[in-house]
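These are my notebook entries on one protein structure. I record what I looked up, in the order in which I looked it up.

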Amino acid sequence: MGEAALKHVETLSDFVASTIRAVASRRGLTQKDLTRAIGMSTATMSARWNGLRPWAFGALAEVVEVIGCSVPELITGVVTIILCTPSG
């Protein structure tokens, strides 16, 4: 692998944080909303939200309950989002 390719390698923490941010955004949730919903400290959430600190499995389990996906979806980045629209 070339040096340029190595510069673009993400850590799993970065990848999961990016997926959480994307899914939360699609659900209309902010970092603050998620922090309140799972009862995590602002500092800890900020570090995890930005990929600076890894997500503990227990915290991921709480996150998926709020944002409506599964832990495997967060880890793989393959998230199925079903948007509810009014039938009519």
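**Entry 1: helix α4.** I looked up the residue just after α4 and found G51, with a positive phi of about 75°. The model is predicted, and I keep this in mind throughout. I then asked which residues of α4 are buried. I noted T44, M45, A47, R48 and W49. The elements that cover these buried residues of α4 include α2, α3 and α5.

**Entry 2: the whole chain.** The protein has six helices and zero strands, and its pattern along the sequence reads α-α-α-α-α-α. It has 88 residues, of which 31% count as buried.

**Entry 3: helix α3 and its two sides.** I turned to α3, which covers residues 31-38. Which of its residues are buried? I found L34, T35 and I38. Seen down the axis of α3, the buried residues fall within an arc of 105°, so they line one face of the helix. On the face turned away from that buried side I found the exposed residues K32 and R36. I next looked up what covers the buried residues of α3, and the list includes α2 (12-26), α4 and α5 (57-67). Just after α3 I noted G39, which takes a positive phi of about 70°.

**Entry 4: α3 against α4.** To describe a pair of packed helices, one gives the angle between their axes and the distance between the axes. I looked up both for α3 and α4 (residues 42-49): the axes come within 10 Å and cross at roughly 125°. That angle makes α3 oblique to α4. The crossing of α3 past α4 is right-handed. On the α3 side, the residues that meet α4 are Q31, L34, T35 and I38; on the α4 side, they are T42, M45, S46 and W49. Sorted by class, this contact of α3 with α4 has four nonpolar, four polar and no charged residues.

**Entry 5: α3 against α5.** I repeated the search for α5. The axes of α3 and α5 come within 10 Å and cross at roughly 115°. Here too α3 passes in a right-handed crossing. From α3, the contact is made by L34, A37 and I38; from α5, by E62, V63, V66 and I67. By class I noted six nonpolar, no polar and one charged residues in the contact of α3 with α5. L34 and I38 are listed in the contact with α5, and both are listed in the contact with α4.

**Entry 6: I75.** I then asked what I75 touches, leaving aside its neighbours within four places in sequence. The contacts of I75 are L12, F15 and V16. I also looked up S13, which is 62 residues from I75 along the chain. The C-alpha atoms of S13 and I75 are separated by 9.2 Å.

Note on methods: Residues numbered from 1 in each chain as written. Predicted model: local features only at pLDDT ≥ 70, side-chain atom pairs only at ≥ 80, totals over all residues. Heavy atoms only, no water. Axes fitted to C-alpha atoms, helices over the stretch in contact; angles between N-to-C directions. Helix = DSSP H or I, 4+ residues; strand = E, 2+ residues; numbered from the N terminus. Parallel < 35°, antiparallel > 145°, perpendicular 65-115°, else oblique. Left-handed = near helix turned anticlockwise from the far one by under 90°. Contact = heavy atoms within 4.5 Å. Nonpolar A, V, L, I, M, F, W, Y, C, P; charged D, E, K, R; others polar. Buried < 20%, exposed > 50% of the residue type's maximum accessible area, 1.4 Å probe, protein only. Arc of directions from axis to C-beta.
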